[in-house]
Amino acid sequence: MSKEHDRGMSVIVKTVTRLTVGLILLYGIYILSHGHVSPGGGFAGGVIIALSFIHLMLAYGKEAALKRIPSQALSFFEGFGAIMFLAIALLGFTGGYFFLNFLPKGEPFKLFSAGIIPLCNIAISLKVGAGLFAIFIALVLLKFEGENK
Amino acid sequence: MTHTLYILCLALFCIGLYCILRKRNIIKIIIGVIISEYAVNLLFILVAYRMQGRSPIYSPDAAIENMVDALPQAVVLTSIVIGLATTALLIAIAMRIYEKYKTFDITKINELRG
Amino acid sequence: MGANVIPLFVVVSLSGAFLISLFGRKLKWFPDLIGSAFTALLLLLSLYAVKIVAEAGTLVYSAGSWKPPVGIVFVLDGLSSFMLVTVNLVAFCVAMFSINYMAKYTSKWKFYTLFLLMLAGMNGVLITGDIFNLFVFLEIASVASYALVAFGTERHELEAAFKYAVMSTVGSLFILLGIVFLYSATSTLSMADIALSLSPGKHSGILMLVSILFLMGFGLKAALVPFHAWLPDAHPSAPAPISAMLSGVLIKSLGIYSLCRIIFCVLGVSSQLLSILMVLGTLSMLIGVFLAIGQWDLKRLLAYHSISQIGYVILGISLGTPLGIIGGLFHLFNHSIFKSLLFLNSGAIEYTTGTRDLKKMGGLSEKMPITSTTALTAAMSISGIPPFNGFWSKLLIIIACVQAAKYWYGFWAVLASILTLASFTKVMKYAFFGNLKSQWAMIKEVPVFMKLSMIILAVICVFGGLLFFPGLREPFLLKASGVLLDAKTYASTVIRLVQ
């Protein structure tokens, strides 16, 4: 047994997690990138991406998840997503209106279409994914502090 | 039939309110908030339903007929996000309260007199 | 150009919040600078908004060039610009005050982020023309304020924040339920469109239900009397600048403004509703002031006075006569100025002495001349002594009561004003006059930014009465009251301007 197996849940859970966590992340990215042509979008995609990290954390303990994405990076992504969304909205002023869809719309049902909406989805998913995972970490770490006392 | 559903939704809302007003445990109060929030969201979705309607997904090969109203679904998503933020904050406050007072019972957490 | 200024109120405050959350952790000076600079910018923008509304009338902006009823519109009319000036003026003074005051707390950047988020929510509520958009902004402001009340994370703050958060969430749920019923009746979310498609004959049942739901929801946010239990706990527990924000403008923009906008402009007023509001206002006025007299905690006393003064505003507006509405709105402006000044004074006392208990203070006027002078100004304003601004607005409300032949309401208003005077005499006597206690021999006056913001507010208290005189009242007060008086034309104006 390697040292990695000392923390977290049993071997079965860890093996299943190792197999599925990549798929979950990929599915989140799919939902996010096809948000403008099918049901889904930034919020749903961001939640699924955050869930993949939470899955990792539940199975392997908090160090494994925080090693992949430290909490400074989380708060950076959260602020960056919000600023990006606001910047996209402000760029609409180049066409004369706040939130104007100023990019070419493209053909319906193609991946590269719908102007600014895919960009907005990416910004929202950054904000939601980082925010949700940060909420989870904050609640879990608070509990650890309470138990140590 | 549909009226029964609306009334059941409002009954769920009232169960949540009862839970908020009568329960003494902080966690149960938070669960009451969540229940009434979901009752309102459910009512919003049900208001938009029409008989034998299909989901409002626009795809190239489907005819656009008899779709349910799509606007409340978008709106309810927003309200779920707001509910998420409120619930997370309430739980964080509840955990801090437990850390300070060592209890979840609101009758013992009454140092402030209104 | 003119209308392009409207979305900036939300954009500037939101971008300030997110910039601070990105860079504020590393750079210690950054949150102070951004907080003050951005609120000053917002104040200038809102003064500009008053100017363009006075020149060009109501302005409508469709976000993303989507026209209503499909898209979301922002509406800037007299009432919105009036409230924007009130909110941003108080926010600027509070941001300046916090530079020194918040230095004792750790993680100042979190404070400024939440503060600017709350400001963004309030500004959004004031400019939006879409009912669900209003709900979203209202929740942004509310959630930020729950976190700010719990900011100190001590026992009492957490308890107050939990109580406040649960009650306010229930209020939001009532508002959302009201929106659901309105949507089911009209199938639209744009306020102008709702107002046009509601007809009193066909929808009278649902109008009644929705009015009661909104009255409960916004009444909880505004702390009208049967729903006031959270306010005396929540407002004193927050840090002093936030108490000033909450008592000064949050309960007004989320509670009173939204209530008036929806009841007057969207649902249409009925005489039963106005008389309910009048009774609630009078009850708040009296119960608030009676509970305030017995308090010894300075901030809790001020919080009870907020309930009482909100009662004056509601009483004035619900009289429904032109003079009553002007008086109510004028009192709203004045109250936000002097109540935030009083909370900042209490913060200054807490900063130097570390106590909020009136019995432990005494003779502070020797050591803190500026704090005591400004507090005296604000106390005379709130108890309605001429020539301070509170006197003029209370006088207008009482005259309006007499004109409308509601003599008893006028009598209760006078009585509440006398009781307010009594309770503030107590505050001044115990806190500032009398003999200096020996333990306070070493204290000093507060730092420069705290002094500056208190002086600005005190000057407005002294000269605020001038706003009612001819020449100054036309662009500011009369425009705002005109919106509520001609509430029936709101919907048609918005639809006409957008085409």
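**Chains B and C, and the cavities**

Reader: How many salt bridges are there between chain C and chain B?
Author: In this predicted model, the count of salt bridges between chain C and chain B is zero, while four residue pairs are in polar contact, both partners being at pLDDT 80 or more.

Reader: Which helices of chain C supply the side that touches chain B?
Author: At least two residues each come from α5 (131–149), α6 (155–186), α9 (231–237) and α12 (298–319) of chain C, and the largest share, 19 residues, is from α6(C). By class, that side of chain C has 22 nonpolar, five polar and six charged residues.

Reader: And what area is buried between the two?
Author: About 3300 Å² is buried between chain C and chain B, with carbon and sulfur atoms giving 79% of it. On the chain C side, R155(C), E159(C) and F162(C) lose the most area to chain B, and together they make up 21% of what that side buries.

Reader: Switching to cavities, how many of 30 Å³ or more turn up in the whole structure?
Author: The search finds five, and the largest cavity holds about 70 Å³ of space.

Reader: What lines the largest cavity?
Author: Its lining draws on both chains, including E37(B), S79(B) and T86(B) along with F135(C), E139(C) and L176(C). α3 (71–101) of chain B and α5 and α6 of chain C each supply at least two of the lining residues, and the lining divides into four nonpolar, five polar and two charged residues.

Reader: What about the second largest cavity, what is its volume?
Author: The second largest cavity has a volume of about 60 Å³, and its lining includes Y164(C), K221(C) and W230(C). That lining divides into seven nonpolar, three polar and one charged residue.

Methods: Residues are numbered from 1 along each chain as its sequence is written. Chains are lettered from A and ligands numbered from 1 in the order in which they are written. This is a predicted model: local features need pLDDT of at least 70, side-chain atom pairs count only at pLDDT 80 or more; totals for chains, interfaces and linings use all residues. Side-chain values use heavy atoms; hydrogens and water are left out. Buried area is the accessible area (1.4 Å probe) that two parts lose on being put together, summed over both. A salt bridge is a side-chain nitrogen of Lys or Arg within 4 Å of a carboxyl oxygen of Asp or Glu. A polar contact is a pair of N or O atoms within 3.5 Å; within protein, one must be able to donate a hydrogen and the other to accept it, and residues adjacent in sequence count only if both atoms are side-chain atoms. Helices (H or I, at least four residues) and strands (E, at least two) are DSSP runs, numbered from the N terminus. Ala, Val, Leu, Ile, Met, Phe, Trp, Tyr, Cys and Pro count as nonpolar, Asp, Glu, Lys and Arg as charged, and the others, Gly among them, as polar. On a 1 Å grid over the protein atoms alone, a cavity is a set of points where a 1.4 Å probe fits but cannot get out, and a pocket is an open set with protein on both sides within 12 Å along at least five of seven lines; lining residues have an atom within 4 Å of a point. Grid points are joined across faces, edges and corners, and a volume is the space filled by probe spheres set on the points.
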